[in-house]
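Student: Hi! Could we go through this structure together, one bit at a time?
Tutor: Happy to, ask away.

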Amino acid sequence: MQAPDHPYPAQTYRAHVTRLLALGLPLVGASVAGFSIHMTDTIMLGWYDVTALAAATIATSVWFVIFIVGAGFGYAVVPMVAAAAEEGDEVRARRITRMALWLSAAYGVLAVGLLWWAEEIMLAIGQTPVVAVESEKYLRIAVFGMFPALAAQVVRSFLGALHLTAVQLWITLAALVCNAVVNYALIFGNLGAPELGIRGAALASVIIQIVQVVALVAYVQWKRPDYSLFQRIWKSDWEALREVFALGLPIGITSLAESGLFTASAIMMGWIGEIELAAHGIALQLTAFMFMFHVGMSQAATIRAGGHYGRRDEVALRMGAVSAFGVSTAFGVIVVALFLLIPGTLVSLFIDPTEPQRDALLGLGITLVMLAALFQFVDSAQIVALSLLRGVQDTAVPMWLATVSYWVIGMPVSYLLAFTLDFGPQGLWLGLTVGLGCAAALLGWRFWGRSVHIS
């Protein structure tokens, strides 16, 4: 078997940081590019039609909520394949990845059944009839992108576990360009294509997802043919399937709980007012963009922790964990500085200079961005802790710790501060900080108190 492409010389914190950055920065770039694909869709639909934009916004939110649960099976591949690769067990790495693809395909079938009746779902959550109809038009096409999207997540995780991350950046960047071109053609009817509006945006998403998974599969076949990843893929392996399911489902539920926290915060902000919701959206966009760094680096932390776990190297696991927290904290300092020093400049990027309510929106947006600086460190700490726990294949208890922090503590505190104590938008964001802070503390306690110990 070919050895992993990541030698381990003498361990120092500097070496750990260097390897983490080398592995993680391409993943950061891929995360930013993926975020930009979504932004491109939003901008182009906004140019086309406001109703289409509103329908696609809510439809893609629902699509993502369904997707993130199934993506847990793909995320489970990272620590399991990383550990198998360190042990030199090529067969186990192949079995795990194949069964993750099986589970992803099965989940995709369930997703089609659920999202096919999108109009009823949209009406049930309070959307207008016209938005509900347009959302169903979008989702009845976009739902078929669930299969390639979930499969791509599995293949990305397999490549990441083998320290092959740079290709993910290049493929995502290419997808970003292709997405803009295909959207331009299919939404507006350019380049000889029919004008399909919101259906064109959905079709473009499916096309790009298929292109991405095909490119990833082709790269695996070219770069690591020794794994024979897709040979006899129809052969069942119930033991491996159970292992992936047991590790992946808690990851998916944890991701759902976290994303749901911010979705719920937007719903509650809408109860306060339209300006407040708009300012909240701007602050979340800025925070989410900066958070892409932590997303990429946390994926790298999972890969490296999985490798240390596979080699049963507790010293390296501890040093790697300290390095991951250190890199995350250092970037957090930069973000805090930006949010505190130039919040007005950042918020004004999202506001039309001719907007009649610009001053009110800018003032509240600045306040929320400055409050967002408060939870930079706890937000980054909790995702790093979660990623390290995934690396040592500890996901069930962390799922409960995170869910309790987000929903039993964070949400009630947000409601209490925002509505009962009448602190409004500021109180809601303080509640988010409390929830994320509890998650960081509990997940950190779980990792350092138990999971870092390798018997």
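Predicted model: local features only at pLDDT ≥ 70, side-chain atom pairs only at ≥ 80, totals over all residues.

Student: How many aromatic pairs does a search of the whole structure find?
Tutor: The search finds 14. One of them is Tyr415 with Phe419, a tilted pair at 5.0 Å centre to centre with 35 degrees between the planes.

Student: Where do Tyr415 and Phe419 lie?
Tutor: Both are in helix α15, residues 396–420, and they are four residues apart, about one turn of the helix. Helices here (H or I, at least four residues) and strands (E, at least two) are DSSP runs, numbered from the N terminus. An α-helix has 3.6 residues a turn, so residues three or four places apart point the same way.

Student: Is Tyr415 exposed, partly exposed or buried? And what about Phe419?
Tutor: Tyr415 is partly exposed because its relative accessible area is 41%, and Phe419 is partly exposed too, at 27%. Buried means under 20% relative accessible area, exposed over 50%, partly exposed in between (1.4 Å probe, protein chains only).

Student: What kind of pair do Phe447 and Trp448 form?
Tutor: That pair is edge-to-face, at 5.0 Å centre to centre and 80 degrees between the planes. Phe447 is buried, with a relative accessible area of 0%, whereas Trp448 is partly exposed at 31%.

Student: New topic: how many residues does helix α10 have?
Tutor: Helix α10 covers residues 274–310, which makes 37 residues. From its first C-alpha to its last it reaches 51 Å, close to the 54 Å expected at 1.5 Å a residue. That expected span is 1.5 Å times one less than the number of residues. There is a bend in α10 as well, of about 30 degrees at Phe291.

Student: Why is α10 largely enclosed by the rest of the structure?
Tutor: Because 27 of its 37 residues are buried.

Student: What comes just after α10?
Tutor: Arg312 does, and it takes a positive phi of about 60 degrees. Arg312 also lies over the face of Tyr309, at 4.6 Å from the ring centre. A charge sits over a ring if NZ of Lys or CZ of Arg is within 6 Å of the ring centre and within 35 degrees of the ring normal. Arg390 likewise lies over the face of Tyr75, at 5.9 Å from the ring centre.

Student: Which loop holds Leu191?
Tutor: Leu191 is in the loop between α7 (166–188) and α8. Its phi is positive, near 55 degrees, and it is a residue other than glycine. Leu191 counts as exposed because its relative accessibility is 65%.

Student: And Ser228, where is that found?
Tutor: In the loop between α8 and α9. Ser228 has a positive phi of about 45 degrees although it is not a glycine, and at 24% relative accessibility it counts as partly exposed.

Student: Is Arg224 buried or exposed?
Tutor: Buried, at 1% relative accessibility. Arg224 lies in the loop between α8 and α9. Its C-alpha is separated by 9.5 Å from that of Leu162, and the two residues are 62 apart along the chain.

Definitions and conventions: Residues numbered from 1 in each chain as written. Heavy atoms only, no water. Phe/Tyr/Trp six-rings, centres within 6.5 Å; stacked < 30°, edge-to-face > 60°. Bend = angle between axes of the 7 residues up to and from the residue.
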